[in-house]
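Please keep the sequence and the model in view while reading.

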Amino acid sequence: MSRILGENLPNIPWQEKPSDFKGPIWRYAENPVIGRNPVEGVARIFNSAVVPYEDGYVGVFRGETINGRPHIYFGKSKDGIHWDFDKEKIPFYDEDGKPYQPLYAYDPRLVKVEDYYYIIWCGDFGGAAIGMAKTKDFKNFTRLENPFLPFNRNGVLFPRKVNGKYMLLSRPSDSGHTPFGDVFLSQSPDMKYWGEHRIVMQKGGSGWWQSVKIGCGPAPIEIDEGWLIFYHGVTGTCNGFVYSMSAAILDRDCPSKVLYRAGSLMLTPEEWYEERGFVPNVVFPCAALTDAATGRIAIYYGAADTYVGLAFTTVDETVKFIKEHNELVGLDGTEGRL
């Protein structure tokens with residue numbers, strides 16, 4: 001039996017696994033949980049992140065506005081399924097209290113570390129680059145320094161320090177559509193200066209589903225065997241990219257080292273809301289809720305760059321699947337130092 005090392009969440013969104021379903025991750029029967037035109041001026045919400053807060057849930061949402069430019073919007077929910085959104089995008093300020101809005105922002109993650117909730121997104125900094133902000137109350141949002149130069153995407157912060165340092169996963173790239181495709185780890189003593197970069201996971205393997213690129217999804221989940229991460233993998237077809245989801249386990253004290261990694265996908269576009277949309281054939285995980293008492297995990301994912309889907313698994317099912325389909329790629333089993 002595997003255990004989640006975290007807090008209990010008795011009101012976690014949940015549906016039992018259908019008796020005739022064989023996969024390790026199953027979809028919410030009423031998907032998508034967020035459809036088109038969810039708020040005035042926003043055509044689509046997808047690739048978004050949520051966390052428990054007070055007596056319900058809050059989230060930061062990628063809102064594709066009706067002029068096509070993405071921004072981050074705030075939403076709240078009692079049950080994690082039915083959401084209310086602010087009409088205006090989140091107002092960010094610098095540390096001196098001056099307005100400091102990103103030109104655009106997309107694919108946010110949301111992670112609580114100690115006393116702050118951190119928002120990590122991709123925006124423009126002379127090219128695709130990671131932006132960051134923090135809040136304690138979801139009313140005041142303070143932007144931080146950009147951690148890296150362009151080009152970089154898929155920034156995901158660990159929910160606690162490791163060896164006294166903040167840890168951030170990301171995927172460096174060039175000015176194209178992320179042809180580098182591998183996941184790296186960076187470390188910081190203060191959330192301002194980042195270094196000690198390591199290669200964590202590389203694209204490829206014997207299967208094709210993650211042959212083009214990979215990227216981390218929700219914040220890593222601490223379990224008794226290490227850090228459980230869900231990530232997306234991308235393959236190319238004659239009709240474009242296909243984004244699928246799988247998982248891996250990283251070493252607890254040296255998270256640049258992969259202990260186990262599923263060589264097979266766990267969820268891939270099959271339903272209409274995943275196959276049809278602004279960008280078809282996309283399953284893009286961005287957030288996960290966990291209940292330590294039951295081992296339940298609820299995963300929020302973007303579907304076809306148009307909708308938000310919800311899916312479920314347990315820590316036991318996921319760890320079992322990873323180990324049964326274990327395949328390390330390249331430098332996965334090392335500390336990632338070259």
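The protein chain contains 22 strands, together with 2 helices. The model shown is a predicted one, and the description below should be read accordingly.

The overall dimensions come next. Along its principal axes, the C-alpha trace of the protein chain spans about 50 × 45 × 45 Å. A compact globule of 338 residues would have a radius of gyration near 20 Å, and the protein chain has 18 Å, so the two agree.

The interior and the surface can then be considered together. Of the 338 residues in the protein chain, 57% are buried, that is, they have under 20% relative accessible area. Among contacts with a separation of 6 or more, 55% are made by residues 24 or more positions apart. The protein chain exposes about 14300 Å², and carbon and sulfur atoms supply 48% of that area.

Attention may now turn to empty space. Rolling a probe the size of a water molecule over the atoms shows where such space is left. The largest pocket holds about 820 Å³ of space. Its lining is formed by 33 residues, of which E7, P52, K112, P159 and T290 are the closest to its centre.

Methods: Residues numbered from 1 in each chain as written. Predicted model: local features only at pLDDT ≥ 70, side-chain atom pairs only at ≥ 80, totals over all residues. Heavy atoms only, no water. 1 Å grid on protein atoms, 1.4 Å probe; cavity = no way out; pocket = protein on both sides within 12 Å on 5 of 7 lines; lining within 4 Å. Points joined across faces, edges and corners; volume = space filled by probe spheres on them. Helix = DSSP H or I, 4+ residues; strand = E, 2+ residues; numbered from the N terminus. Rg over C-alpha atoms; globule rule 2.2 N^0.38 Å. Buried < 20%, exposed > 50% of the residue type's maximum accessible area, 1.4 Å probe, protein only. Contact = heavy atoms within 4.5 Å. Areas by Shrake-Rupley, 256 points an atom, 1.4 Å probe, with all protein chains shown as cover.
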